[in-house]
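This briefing concerns how two protein chains meet in a single model.

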Number of protein chains: 2
Amino acid sequence: MKQYVAHVTVTLRRSILDVQGKTVEHALHSLHMPALKDVRIGKHIELHVAAPDKDRATELVDDACRKLLANPVMEDYSIEIRELADTGVPA
Amino acid sequence: MKQYVAHVTVTLRRSILDVQGKTVEHALHSLHMPALKDVRIGKHIELHVAAPDKDRATELVDDACRKLLANPVMEDYSIEIRELADTGVPA
């Protein structure tokens with residue numbers, strides 16, 4: 001079994017108004033930073049995955065996104081996976 | 001003036017207990033996904049920056065992170081910047 005680290009980014013769909021992002025944008029402008037705009041806020045989730053290979057690890061994380069981490073009606077998600085280290089235990 | 005898109009990832013420092021992450025981990029295990037662990041939850045912020053060059057854009061976003069987006073006592077942040085398109089307006 002190998003260990004992978006997964007980085008999941010969950011963002012609101014483009015068509016949905018991001019109220020939190022708008023609020024942060026207003027705050028930035030109040031702080032005299034008018035060069036920053038179109039702020040959108042999402043979630044970043046890091047987790048460790050034990051799986052025999054990278055495909056299986058991606059599948060497990062994708063399953064978690066659909067079932068728990070993201071709301072597929074309102075949110076999009078992207079997954080990045082990299083191998084951490086071999087634990088030496090056979091899969 | 002060029003347009004850049006910045007992706008900022010704000011995460012809790014390693015030494016700080018991530019209660020939200022722990023809760024998500026328990027939920028994943030309740031959903032019969034024991035292969036997923038060490039969940040840590042952070043923020044993902046996407047924003048557009050108008051700046052004469054990439055260094056200046058990074059500086060502006062770094063400034064925003066220190067002043068508003070991240071809490072430097074408890075959180076770490078990383079910034080990724082890429083150029084979006086030239087607006088044709090001289091800097």
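In this predicted model, A:Arg14 forms a salt bridge with B:Glu46, and their closest N and O atoms lie 2.8 Å apart. Across the interface of chain A and chain B, 2 salt bridges are found.

**Polar contacts and contributing elements**

- Between chain A and chain B, 12 residue pairs are in polar contact, counting pairs with both residues at pLDDT 80 or more.
- On the side of chain A that touches chain B, two or more residues come from each of β1 (2-12), α1 (19-30), β2 (36-51) and α2 (54-69) of chain A.
- The element that gives the most to this side is β2(A), with 15 residues.
- By residue class, the side of chain A that touches chain B consists of 18 nonpolar, 5 polar and 8 charged residues.

**Strand pairing between the chains**

- β2(A) pairs with strand β2 (residues 36-51) of chain B in the antiparallel sense, over 11 bridges.
- In this pairing, A:Lys43 stands opposite B:Lys43 in β2(B).

**Extent of the interface**

- Chain A brings 31 residues to the contact, and chain B brings 31 residues.
- About 2,600 Å² is buried between chain A and chain B, and carbon and sulfur atoms give 66% of this area.
- Of the area that chain A buries against chain B, 20% is supplied by A:Leu36, A:His44 and A:Glu46, more than by any other three residues.

Terms used
Residues are numbered from 1 along each chain as its sequence is written. Chains are lettered from A and ligands numbered from 1 in the order in which they are written. This is a predicted model: local features need pLDDT of at least 70, side-chain atom pairs count only at pLDDT 80 or more; totals for chains, interfaces and linings use all residues. Side-chain values use heavy atoms; hydrogens and water are left out. Contact means heavy atoms within 4.5 Å. Buried area is the accessible area (1.4 Å probe) that two parts lose on being put together, summed over both. A salt bridge is a side-chain nitrogen of Lys or Arg within 4 Å of a carboxyl oxygen of Asp or Glu. A polar contact is a pair of N or O atoms within 3.5 Å; within protein, one must be able to donate a hydrogen and the other to accept it, and residues adjacent in sequence count only if both atoms are side-chain atoms. Helices (H or I, at least four residues) and strands (E, at least two) are DSSP runs, numbered from the N terminus. Ala, Val, Leu, Ile, Met, Phe, Trp, Tyr, Cys and Pro count as nonpolar, Asp, Glu, Lys and Arg as charged, and the others, Gly among them, as polar. Two strands pair if DSSP finds at least two bridges between them.
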